[in-house]
Amino acid sequence: MSTGVSVTDDVIEAFNNFKLKREPHKVRYFTYKVSDDKKFIEMDSMGALDKTYEDFCEALPDNDCRYGLIDLEFQTDDGRPTSKIVFIAWNPDDAPIRSKMLYSGSKEALKRVLVGVGIHLNATDSSELDYETSILPAVKKFT
């Protein structure tokens, strides 16, 4: 399903700098939202390199949808430090139905421009954002 929502050039440029760890987008995470006129996916917030996964989760609103992209650092099962860029579609149960439908239908437009991101996760409540029980096990499948 497509909603006709497109991705702004700022999002594409920021992502390309992000994955190459280039300034001014040498950051830990981005959150994205659909613009007020419902035509574009635009930048919502970004977290500096010293921010954590918990800070990323706090940047997601409790009762509205967002997309998130985070450079997640962790240790593999054999103890090696590594990182993966993870896309998370935040579509909480408490969000308005129209918003949930718009974000679900527009997700592919954003995923298409995030070239090289291999881990795509969906979350509908805070338990699905839990680092230890949900996110880390899902990410480790790709190491």
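1. Helix 1 and its end. K21 follows helix 1 and has a positive phi, near 55 degrees. Helices here are DSSP runs of H or I with at least four residues, strands are E runs of at least two, and both are numbered from the N terminus. The model is predicted: local features need pLDDT of at least 70, side-chain atom pairs count only at pLDDT 80 or more, and totals for chains, interfaces and linings use all residues. Residue numbers start from 1 along each chain as its sequence is written, and side-chain values use heavy atoms, with hydrogens and water left out.

2. The buried face of helix 1. The buried residues of this helix are V11, A14, F15, N17 and F18. Buried stands for under 20% relative accessible area, exposed for over 50%, and partly exposed for values in between (1.4 Å probe, protein chains only). Viewed down the axis of helix 1, these residues fall within an arc of 165 degrees, so they line one face of the helix. The arc is taken over the directions from the helix axis to the C-beta atoms. The packing partners of the buried residues are strand 1 (6-7), strand 2, strand 3 (40-47), strand 4, strand 5 and helix 3. Contact means heavy atoms within 4.5 Å.

3. The largest nonpolar core. It has 23 residues, and Y32, I41, Y67, L69, F87, L110 and L114 touch the most other members. Such a core is a set of buried Ala, Val, Leu, Ile, Met, Phe, Trp, Tyr and Cys residues joined through side-chain atoms within 4.5 Å. Helix 1 (9-19), strand 2 (29-34), strand 4 (66-75), strand 5 (81-90) and helix 3 (97-113) each supply at least two of its residues. Another core lies apart from it, with 19 residues, including V86, I88, I119 and L136.

4. L110. Residues up to four places away in sequence are not counted here. L110 then touches V7, V11, Y32, I41, Y67 and F87.

5. S35. This serine sits in the loop between strand 2 and strand 3. S35 counts as buried, at 7% relative accessibility. Its side chain makes a polar contact with the side chain of D37 (2.5 Å). A polar contact is a pair of N or O atoms within 3.5 Å; within protein, one must be able to donate a hydrogen and the other to accept it, and residues adjacent in sequence count only if both atoms are side-chain atoms. Leaving aside neighbours within four places in sequence, S35 is in contact with F40 and E42.

6. D71 and K21. The count of salt bridges is seven, under the rule of a Lys or Arg side-chain nitrogen within 4 Å of an Asp or Glu carboxyl oxygen. D71 pairs with K21, with the closest N and O atoms 2.6 Å apart. D71 lies in strand 4 and K21 in the loop between helix 1 and strand 2, so the pair ties together parts that are 50 residues apart in sequence. D71 is buried at 5% relative accessibility, whereas K21 is partly exposed at 45%.

7. E73 and R28. These side chains form a salt bridge at 3.6 Å, N to O. E73 is in strand 4 and R28 in the loop between helix 1 and strand 2, 45 residues apart. E73 is exposed at 53% relative accessibility; R28 is buried at 10%.

8. R66 and D44. The closest N and O atoms of this salt bridge are 2.9 Å apart. R66 belongs to strand 4 and D44 to strand 3, 22 residues apart. R66 is buried at 12% relative accessible area, and D44 is partly exposed at 29%. D44, D64 and R66 are linked in a salt-bridge network.
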